[in-house]
2 protein chains.
Amino acid sequence: MPDRSPRKDAVRNRAAVLAAADELFAASDSTEEVSMAEIAAAAGVGKGTLFRAFGDRVGLIRALYQARLEPVWHAVEDGPAPLGSSTPPLSRVPALLDAVLCFKLDNRRLALALESTGNASPYEAEHYERWHTLLRDLLRQIPGHAGDSDFAAHVLLAATRADLVEHLAGHEQFPRAKLRAQLATFAAAVLGSGPPAPAA
Amino acid sequence: MPDRSPRKDAVRNRAAVLAAADELFAASDSTEEVSMAEIAAAAGVGKGTLFRAFGDRVGLIRALYQARLEPVWHAVEDGPAPLGSSTPPLSRVPALLDAVLCFKLDNRRLALALESTGNASPYEAEHYERWHTLLRDLLRQIPGHAGDSDFAAHVLLAATRADLVEHLAGHEQFPRAKLRAQLATFAAAVLGSGPPAPAA
DNA sequence: TACAAAACGGACCAGCGGTCCGTATCGTTG
DNA sequence: CAACGATACGGACCGCTGGTCCGTTTTGTA
């Protein structure tokens, strides 16, 4: 019996903090302006509890992010087409990119917070590595695709970066559909290294 | 006489601060760990002086960045081929991207600091807008190029983002030449032709 | 019911970016 | 050269932050 099961109040408080943080982040313009003390107060919990449960600020944000991301990952790993593994690479890649883009659109504040929290590079987070590895391996399987798949995967993912999405969708008021279409077009151009079919 | 010319000690101190900041940033792993007080001390100046000269932290970093960037801009606006405006778009675009990449490689810490300083999105900085506008207009002039030039310009620039460059060149130890070649290949694919021949 | 083990919470801390204002320097004018 | 506004200096000072500590309370088991 190496692990003890966590106590009831601990899990309740953890959930309360998660919920409070989620709400506060969603309500504020920038994540930076929500302090840990505020989150603790909103959750009806002491600061010590908050830090014991999540370690530090990034720990909290990461936990929230992972929770939101989990269903998407599930769809990618076990789900049906076009996200699931039964899809051929040439159509799965755009589907994945679209899913990532939609996720960022739906979780703007959170993604922004995670990708630009102080010092830590988003490229060292393990969820990035998962996306990158998957995408890279798919690109390798596409016959016509020239160039280095590793780098191409990085760039395609960079097209969905939270602050770029925020700039286009938020500051420049691009509608969701337009962004998705542009990303799809761009991905198509990259995938078939020759000139792509005329845009619709 | 709307402007007064600045006092001599003011300009001397400004230069001292700039030099000290430059050195400290270059010496530290992450810009975040260099405090304003340290910079002031290293420059042999009071904190007040520092803040009066640059406004705030981002002001200082931006001033440093602009100073480094100026020669590159000069080469792009008035210089000879392949960066200058006499170059045809199809070969000028890769040259510009390469110049940006090299600049980021040569100024890793600084670029990293500017692109991820706290809250401010790098997409609202005016130097970004200059690059983006130039690149977008060039893309529009390329006949075979399909898709939205505005978005494509964003993505191509995203391929040179400081933290991606840092991840690849620093953490993954990619040699400089490899990165440049990969970016060139990728850009060529986007521009609408197959893989290019040159690989110097 | 007794009693460890685990979790709580908020006073507390060091350090940050940024401000303020009494003092020192500049450079201009007679 | 003297004198005197204007300008810049510098570091004590402020509010606030993320993060820690430890006496107190809750939990669950024997």
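In chain B, the buried residues of H1(B) pack against helix H2 (36–43), helix H3 (47–54), helix H4 (57–78) and helix H6 (108–115). Contact here means heavy atoms within 4.5 Å, and buried means under 20% relative accessible area, with exposed over 50% and partly exposed in between (1.4 Å probe, protein chains only). This is a predicted model, in which local features need pLDDT of at least 70 and side-chain atom pairs count only at pLDDT 80 or more, while totals for chains, interfaces and linings use all residues. Residues are numbered from 1 along each chain as its sequence is written, chains are lettered from A and ligands numbered from 1 in the order in which they are written, and side-chain values use heavy atoms, leaving out hydrogens and water.

The buried residues in question are Val17(B), Leu18(B), Ala20(B), Ala21(B) and Phe25(B). Helices are DSSP runs (H or I, at least four residues), numbered from the N terminus. Helix H1 of chain B, residues 8–27, has 20 residues and reaches 29 Å from its first C-alpha to its last, close to the 28 Å expected at 1.5 Å a residue; the expected span is 1.5 Å times one less than the number of residues.

DNA strand D is surrounded by 21 residues, the closest being Lys47(A), Arg57(A), Arg7(B), Asn13(B) and Arg52(B). Sugar and phosphate account for 57% of the atoms of DNA strand D that come within 4 Å of the protein. A residue is near the strand if one of its heavy atoms lies within 4 Å of it. The largest share of this surface, 4 residues, comes from H3(B).

| Residue | Distance from backbone N or O atom to phosphate oxygen of DNA strand D |
|---|---|
| Arg57(A) | 2.9 Å |
| Asp9(B) | 3.5 Å |
| Gly46(B) | 3.2 Å |

A rotation of 180° with 0.0 Å of shift along its axis superposes chain A on chain B (RMSD 0.1 Å). The two copies are thus related as by a two-fold rotation axis. The superposition is by least squares on the C-alpha atoms of residues with pLDDT of at least 70 in both. Of the interface residues of chain A, 97% are also interface residues in chain B, so the copies meet through the same surface.

In chain A, Glu77(A) lies in helix H4 (residues 57–78) and is partly exposed, with a relative accessible area of 44%. Glu77(A) touches Ser85(A) and Arg130(A), not counting residues up to four places away in sequence.

Notes
Helices (H or I, at least four residues) and strands (E, at least two) are DSSP runs, numbered from the N terminus. A polar contact is a pair of N or O atoms within 3.5 Å; within protein, one must be able to donate a hydrogen and the other to accept it, and residues adjacent in sequence count only if both atoms are side-chain atoms.
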